[in-house]
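Hi,

Here is the structure I promised to pass on.

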Amino acid sequence: MKMAKSDTQQKITLSQLAYIFIQSQIGVDILNLSTVLHREVGADGWITLLIGGVISIFFVLMIVHISRCFPGEGLFDILKSIFGRKLGSVAGFGYYVYFLVVAIYLLTSFGELINEWLLPETPILVLYVLMLICALYTISGGVTLIAKVFTFFAIILFLISVLFLFGFVDAKFIYMLPIGQASFSGYIEGIRVTLYSLSSYVLLLLFLPYAQGSYKKKARTLVGANLIVIFFYLYTVIVSFAHFGSDQIDHVSQPVLYMLRTADSVIITRIDIFVLSLWTVFAMTAFAAYLYGAERAFAKIPMPKKKMLNVYTTSIIVLAVSYWSGLNEENFRVVIDFQDKITEYFTVLIPVLLFLLSFLRRKDKQKEAAQ
């Protein structure tokens, strides 16, 4: 099943596709990835980040290949084309659950962080609702409005990168040593953490059918966008490692913010608060991307096809579960553990399976053409 006529009228440029991909990748994890990697791999965390980044490039190319084999079809139509209607519907519902869980995780993490750093007296439900309203507006106009919003906020990545330079003021690169001391299992775990942080490539199957240009240009654009994300993550990890060192970073939950807390500037008094305010935009866009994915999956469930009903139903589910998970640490841990259990299936195993089976689809097309 290909896109409906109303969908085909929505087109995005390659640069807009790149902005969507970059901002979907950079969400909540950027603030605590340094700590997580150091706990798993020690000072070699930046090495596993590079290795995981290279692997993620192959996954991006796999996604582009899958889309090329099924022109005009999105993720859920591709699942049905490869697995059949029944099994494809089951897989599509699985992605619905996965997108929901990630959206819930992003919304809950955003609320807790803003509540801790900026608005401690504000009810966390208010923060959830404000974020949800912004995300709903972003996805209300479909792919074209998503692309415009993401493009408008793209410059924030540059501003944040410049402000991170303050972290080098007290940096000591000797903290990066020694190299190669982590165990093999530590490296594997560090690579796994990196891949999970860069796993938004799955969302590309929702947007690639709308992108203009040849598949070669799409591949080059997305690889370039992924490299930007990898180097931004690497830049963040290195400056955090060099600033805190092994003795401190394991005990700092958001090293990026604490690193900038002591920095000062003539223009900006609290750089950490300013960066957190800018980061809120990335949190919203990443959340909106996954909310859009969940809404698109919900639309495939047999029911009256009313777009706003799909959007509101999905939003209510996300808001309700986020509020429940935000009540205490135990509930939030349930969401995180469940996300960890299913992430591997929907970001690694199924994409690899789709990639392998797509070659069979290509052979079938060649046979049909020959006949």
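Where helix 4 meets helix 10, the residues on the helix 4 side are Ile 47, Thr 48, Leu 49, Ile 51, Gly 52, Gly 53, Ile 55 and Ser 56, and they touch Tyr 187, Gly 190, Ile 191, Thr 194 and Leu 195 of helix 10. By class that contact has 7 nonpolar and 6 polar residues, and no charged ones. Keep in mind throughout that this is a predicted model.

As for the geometry of this pair, helix 4 (residues 45-69) and helix 10 pack at about 55°, and their axes are 8 Å apart. That angle makes helix 4 oblique to helix 10, and the crossing is right-handed.

How many salt bridges does a search of the whole structure find? There are 3, and here they are in turn.

- Arg 192 pairs with Glu 189, with 2.3 Å between the closest N and O atoms. The two are 3 residues apart in helix 10 (residues 184-197), so about one helical turn separates them. Arg 192 is partly exposed at 30% relative accessibility, and Glu 189 is partly exposed too, at 23%.
- Arg 333 pairs with Asp 337, and here the closest N and O atoms are 3.6 Å apart. Both sit in helix 17 (residues 329-370), 4 residues apart, so again about one helical turn lies between them. Arg 333 has a relative accessible area of 39%, which makes it partly exposed, and Asp 337 falls in that class as well, at 33%.
- Arg 296 and Glu 295 bring their side chains together in a salt bridge at 2.8 Å, N to O. Glu 295 is buried, with a relative accessible area of 1%.

Next, helix 15, which I would look at from two sides.

The axes of helix 7 (residues 124-140) and helix 15 (residues 271-299) come within 9 Å and cross at roughly 60°. Helix 7 is therefore oblique to helix 15, and the crossing is right-handed. Helix 7 contributes Met 131, Leu 132, Cys 134, Ala 135, Leu 136, Thr 138 and Ile 139, while helix 15 contributes Thr 280, Ala 283, Met 284, Phe 287, Ala 288, Leu 291 and Tyr 292. Sorted by class, the residues of this contact are 12 nonpolar, 2 polar and no charged.

Which residues does Ser 315 contact, leaving aside its neighbours within four places in sequence? They are Leu 132, Leu 136 and Leu 291, and those three names are also on the list for the contact between helix 7 and helix 15.

From helix 9 come Ile 156, Leu 157, Leu 159, Ile 160 and Leu 163, and from helix 15 come Ile 271, Phe 274, Val 275, Leu 278, Trp 279, Val 281 and Phe 282. The contact has 12 nonpolar residues, with no polar and no charged ones.

Gly 27 lies between helix 2 (14-25) and helix 3 (33-41). Is Gly 27 buried or exposed? Buried, with a relative accessible area of 5%. Setting aside neighbours within four places in sequence, Gly 27 is in contact with Tyr 233, Trp 279, Phe 282 and Ala 286. In sequence Gly 27 and Phe 287 are 260 residues apart, yet their C-alpha atoms are 7.8 Å apart in space.

Last, a stop at helix 5 (residues 75-83). Helix 5 is mostly covered, with 7 of its 9 residues buried. The buried ones are Leu 75, Phe 76, Asp 77, Ile 78, Leu 79, Ile 82 and Phe 83. Just after helix 5 comes Gly 84, with a positive phi of about 95°.

Cheers

Technical notes. Residues numbered from 1 in each chain as written. Predicted model: local features only at pLDDT ≥ 70, side-chain atom pairs only at ≥ 80, totals over all residues. Heavy atoms only, no water. Salt bridge = Lys/Arg side-chain N within 4 Å of Asp/Glu carboxyl O. Buried < 20%, exposed > 50% of the residue type's maximum accessible area, 1.4 Å probe, protein only. Axes fitted to C-alpha atoms, helices over the stretch in contact; angles between N-to-C directions. Parallel < 35°, antiparallel > 145°, perpendicular 65-115°, else oblique. Left-handed = near helix turned anticlockwise from the far one by under 90°. Contact = heavy atoms within 4.5 Å. Nonpolar A, V, L, I, M, F, W, Y, C, P; charged D, E, K, R; others polar.
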